[in-house]
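Subject: Structure handover

Hello,

Here is the structure for you to look over. My notes follow below it.

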Amino acid sequence: MSAGRPGPSTPRPYQFPRAHEHRTATGLRVIALPMPGRPLAAMQLLLRGGAAIESATENGTAALLARLLTEGGPQHDAIELVEAAELLGGSIGAEAGFEGISIASSVPARRIAPMLDLIAEIAFKPSLPEREVERHRELRLAQIEQAAASPRARANEAITAAIYDDAPYGRPIGGRRESVAAITRASLSARHALIVKSPGPLLVVAGEFEPSEIMGLVEASALGRVVAGLGSTSESTATPLTPDHPAPAPTGNLPKVVLIDRPGSVQSELRIGRLGRSRLDVGFHAALVHSEIVGGLFGSRLNRVLREEKGYTYGAAAGFDFRRGRGPFLARTAVETSVTAPALVEARRQLSSPLNDAPSGEELDGARRYLIGTFPLRF
């Protein structure tokens, strides 16, 4: 006797943490999210000034700077930094994005104070050793060479370049060969000085604690003292590190087709994209539902037709890359070379299908249930 497939259960109630916001006397903005039952706290220090402010010749500077932050500061070298974080029962790392650099840490809530000191050290007083600058630069150049041999990586870079031309959003965060090769310790130090003196550093802390206690710890920490010592410039006179992101100029009604020939490839990497939406767009939530129906869910229109009905691919997906400015909407799949043309035609048909075939009630319910059900997991 066969049992039917179980349906979705009713979503369980979830109490989202209330955000407590505070600005220290030194200008550091703090958002505390008390979460009972979560003794391992998570922290992020966010600094303005990522890849979106870089010119073509500077491309990759923020990404390389983020890698070098964890090489330590005046009190800890790279190995000592890792050991100090592990002795606290935590970890620490840094990464760059288009809008800024983030330094993230996880640590038992009772040891937040000493971890704040480590964050302050690498965020505001990194040593940037010359030898490590050279090593990380060469490592990034090797990664660029490796990516050039990957059809997937080349397709990803080509589609964003086609959408944004030479605007920052059209370049890889990690930089291109020529720009990375030109990065020096002096250029990294100059970028760091610009970033840390900008207004609006933000610390977000989530875990099991009392908000008032966290605010007091931050005020008394090395992080608070360093921010005060920098003498952050005022909002009116600071160099803008959150730039406007104007939309690229229209290229006409006909689609742009980019062909990258790579002899010997057994598959074709297909990318279809266009200018998408900003995270600040009032239609953000509607766009989430739309992208799940079209290409996000396993049963999305794109995956169902290309994988299940046509057998062109093992999987196809599409969705928005939300950024402060208008990020791209991208569809991605890989197909056997012999079906490249019909797969491309069918993919475009499915991506535009909501224009003529409105989502059914079942599709809307499925997308909503998925988004509602997975949303609390991110907390």
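Two strands count as paired if DSSP finds at least two bridges between them. With that in mind, E95 stands opposite S102 in β5. Please note that this is a predicted model.

**Around β5**

Strand β4 (residues 91-96) runs antiparallel to β5, and 6 bridges join the two. The link from β4 to β5 is a hairpin through 3 residues. How much of strand β5 (residues 100-108) is buried? The count is 7 of its 9 residues, so β5 is largely enclosed by the rest of the structure.

**The loop between β3 and α1**

Two glutamates in this loop are worth a look. E54 lies in the loop between β3 and α1. E58 is found there too, with β3 spanning 40-48 and α1 spanning 61-69.

Are they buried or exposed? E54 has a relative accessible area of 3%. Buried means under 20%, so E54 is buried. E58 comes out at 33%, so it is partly exposed.

The side chain of E54 has a polar atom 2.7 Å from the backbone nitrogen of A62. Not counting residues up to four places away in sequence, E54 touches N59, G60, T61, A62, P168, R171 and R191. With neighbours within four places left aside, E58 is in contact with I53, S179 and R191.

One distance for orientation: E58 and P211 are 40 Å apart, C-alpha to C-alpha. In sequence, 153 residues separate E58 and P211.

**The sheet β7-β9-β8**

This is an open sheet of 3 strands in the order β7-β9-β8, with antiparallel pairing. Which strands stand at the edges? They are β7 (267-275) and β8 (316-320). Each has a single partner strand, so one side of each is left without a neighbour in the sheet. On average, neighbouring strands of this sheet are turned by 10 degrees against each other, direction ignored.

β7 and β9 (residues 328-336) run antiparallel and are joined by 9 bridges. R271 stands opposite R332 in β9.

Two helices lie across this sheet's strands. Helix α5 (residues 151-164) lies across β7 and β9, at about 25 degrees to β7. Helix α11 (residues 301-309) lies across β8 and β9, at about 165 degrees to β8.

Best wishes

Terms used: Residues numbered from 1 in each chain as written. Predicted model: local features only at pLDDT ≥ 70, side-chain atom pairs only at ≥ 80, totals over all residues. Heavy atoms only, no water. Helix = DSSP H or I, 4+ residues; strand = E, 2+ residues; numbered from the N terminus. Buried < 20%, exposed > 50% of the residue type's maximum accessible area, 1.4 Å probe, protein only. Contact = heavy atoms within 4.5 Å. Polar contact = N/O pair within 3.5 Å; in protein donor to acceptor, adjacent residues only side chain to side chain. Axes fitted to C-alpha atoms, helices over the stretch in contact; angles between N-to-C directions.
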